[in-house]
Amino acid sequence: MKTHTQVCVIGGGVVGCSVLYHLTKLGWSDVMLIERSELTSGSTWHAAGGFHTLNGDTNMAALQGYTIGLYKELEQITGMNCGLHHVGGITLADTPERFDMLKAERAKHRYMGLDTEILGPDEIKERAELVNIDGILGGLYDPLDGHLDPSGTTHAYARAARMGGAEIVLHNRVLETNQRTDGTWEVVTEKGTVIAEHLVNAAGLWAREVGAMAGIYFPLHPMEHQYLVTDEIPEIYERGTEFPHVIDPGGESYLRQEGRGLCIGFYEKPCEPWAVDGTPWEFGHELLPDKLDKVEASIEFAYRRFPVLERAGVKTVINGPFTFAPDGNPLVGPVPGVRNYWSACAVMAGFSQGGGVGLTLAQWMIEGEPAQNSFALDCARFGNWITPGYTRPKVIENYQNRFSVTYPNQELPAARPFKTTPMYDIFDGMGAVWGQQFGLEVVNYFAEGDEPRYETPSFRRSNAFAATAREVMAVRNGVGINELQNFGKFKVTGTDARAWLNRIMAGRIPAPGRVALTPMLSPKGKLIGDFTVSCLREGAFNLTASYGSQAYHLRWFLQNLQGDVQVENVSDTRTGFQIAGPKAAELLARCTRADVAAMRFMDVQPMVVGMADCVVQRLSYTGDLGYEIYCDPISQRALWAVLWAAGQDLGLRPFGMRAMMSLRLDKFFGAWLREFSPDYTAAETGLDRFIAFGKPDDFIGRAAAEAERQKGPARRLCAFEVDAEDADVIAHEPIWIDGAVRGFCTSGGYSHWAQKSIAQGLIPADLAQDGLSVEIEILGQRRPARLITEQLFDAGDTRMRG
């Protein structure tokens, strides 16, 4: 075993071997993998081995598509057999809501280039004759679905990695990981110590324990998962072709052929977490005791859906643990706050996602950023607020809902409320209907009278529609108030603060007393931030952006810190309110002795509001006359009291995020991780108008942005008015132009001000002309739409800027 290496991967399951292979594929050969037992000695060896592309997140679906396509490449490289069976798969829909979800997924697949198909009940019966189609409305067919040999595939990854120069050391448990002063890692093992420039935690079931060696908590938890393998079934072995996969979400089951019989697995509601206080080091090639009582109801349902199972004996019961993150997605990428430590954990669908995870991490390590937006699996999507007490109930909830319909407006209840602001009880008493972001309770809207305190999950307009309209009109016709807690907020100070900001941000950094909007770019010119920067005085700046991306952004700041600069995340120690609407200035003037009338659009100044020391900025994401009023949490309730009392005769009303997202559509404002994300560039989304190409600073991403400026983007973000019925654009719906899919939607919704359904989306730049007629596919229907360029509210910005 060598004593020095560029990368040390801990864990010899399918994910660790994939990471190792992809590192060699991209050019790093001085890499090694250390495994405590044999390859596959964790969740890998007892996995059912199924793979599929279906995923509600388009980037995850693309990652899964890459993984599936990689297996034939592995076989060609190594000469080994991965045991591939591309049999196709059908996901069943037994409710209108589930069928809506499948139609929405099919629409996404159109522009992703995935050849899926919506089937009717009779077509399902033709392809999968053993399915009882009673109560089935339809299904989604994916020809790429299939299964493989988990052990053979993992060993193929390992052989391909060895062929690229990697070393694999087995039967060698890691005992300690200690970071050295130069940022490298001392990996202490049973067979000696290795010094590694980079450390990758791909330890699977033991990822928590390996992380704890470095003082890192990984929010994941193992869950027991059972599947059954039947005896031989004549209807299977006498069939001319292999039986397709069938996912029956209503029955919480998945079914596929296994040899001359069937394999059926369950995601049952009475599930059970495993190894709550840690995974035993000696655990490996064992299975857990059968617990068929937990899946009894699921088995009964399966007998009705697949009657052949009643006549088939059970040959084997597999009950083994798999790790899940709170949202079910992997934890991948550089661990925030820890140098040269990388995560490749919580990949519960290793044979659907393992290849894409390996490629993503290898690109991140070698090229500095992944080729596609990886926020859905970035370990920075969880902050340092998360605890095992939060993770466990969320993992249980995710397991229970793995085959449930995922609605765009759904708010899952487990582990809530957790993080709350001082306004929680006040807003709750006013009828708040709550959502959550990054663990924080956030008001979605306010119910009044006998309106329910729960938003019905739906792909169509929900029971929040009337309440949202009420709040939108309150803002546009009077004045509304909304809490500012759910912004990511950073304090940047130091003698080199301005120079550093000019390097890290692509836009203009404002003079003292002013505010500016600026994109933040990756080295390849991708959008990695959409920031508001305010300068209180020279050497003291405030930054605001997405609350849910604060750990992601702070990691980037710290990785690129230079000179006398201090960056502090104050997201939870700075709060306050925004007020917006034509009477916002009058409301603020009633509560302060400062000269509110003298504040220009994009001004910032310290101000005493009521009794509270505040920082006030004149701008608003609503696109109306508005002010952001920041204070410390201790003063927030007093600030609320003075604003609320002063605004009663002005018609002051609180509003939530549902109204906010409708209001921003009136001005065609983009939203982070919708219009603005690492999937896109500034020029594609129109944010290039905020890039300060004239400043002398060599800001990150400058070369790529200038190259695109010279060439022009191939596609542009546009707004569309949609002839919708009872369902609006959510995201990723295909845009049809002249009978072909030429673009897709980034987001949409209903403008209650204009009483129009609005979408935003990317189409070829040469087609982006006012009045262009298109069709947007919503829940299987192609709805007429036209491109619009004039904002729906205050098109001349006279109210916002006046």
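Throughout this tour, a residue is called buried if its relative accessible area is under 20%, exposed if it is over 50%, and partly exposed in between, using a 1.4 Å probe and protein chains only. The structure is a predicted model, in which local features need pLDDT of at least 70 and side-chain atom pairs count only at pLDDT 80 or more, while totals for chains, interfaces and linings use all residues. Residues are numbered from 1 along each chain as its sequence is written, and side-chain values use heavy atoms, with hydrogens and water left out.

**Stop one: Asp-327 and Arg-381**

Because Asp-327 lies in the loop between strand S17 (314-324) and strand S18 (331-334), and Arg-381 in the loop between helix H9 (350-367) and helix H10 (388-400), the pair ties together parts that are 54 residues apart in sequence. The element names come from DSSP runs numbered from the N terminus, with helices (H or I) having at least four residues and strands (E) at least two.

**Stop two: Leu-377**

Stay in the loop between H9 and H10 and select Leu-377, which counts as buried at 2% relative accessibility. Leaving aside residues up to four places away in sequence, Leu-377 touches Met-60, Leu-63, Pro-330, Leu-331, Val-332 and Thr-360, where contact means heavy atoms within 4.5 Å. Leu-377 and Met-60 are 317 residues apart in sequence, yet their C-alpha atoms are 8.1 Å apart in space.

Now select helix H2 (residues 58-78) together with H5, whose axes come within 9 Å and cross at roughly 55°. Such axes are lines fitted to C-alpha atoms, for helices over the stretch in contact, and the angles run from 0 to 180 degrees between N-to-C directions. That angle makes H2 oblique to H5, since angles under 35 degrees count as roughly parallel, over 145 as roughly antiparallel, 65 to 115 as roughly perpendicular and the rest as oblique. Among the residues making this contact are Leu-70 and Leu-74 of H2, and Ala-156 and Met-163 of H5.

**Stop four: Lys-291 and Glu-224**

Which side chain meets Lys-291 in a salt bridge? Select Glu-224, and you will find the pair at 3.1 Å from N to O. Lys-291 sits in the loop between strand S16 (261-266) and helix H8 (296-305), whereas Glu-224 belongs to strand S13 (residues 221-230), 67 residues apart. Lys-291 counts as partly exposed at 21% relative accessibility, while Glu-224 counts as buried at 4%. Both belong to a network of salt bridges that also links Glu-268, Glu-272 and Lys-294.

**Last stop: Asp-666 and Arg-476**

Finally, select Asp-666 and Arg-476, which form a salt bridge with their closest N and O atoms 2.9 Å apart. Asp-666 is in helix H17 (residues 657-666) and Arg-476 in helix H12 (residues 465-477), 190 residues apart. Asp-666 counts as buried at 0% relative accessibility, and Arg-476 is buried at 1%.

Key. Salt bridge = Lys/Arg side-chain N within 4 Å of Asp/Glu carboxyl O.
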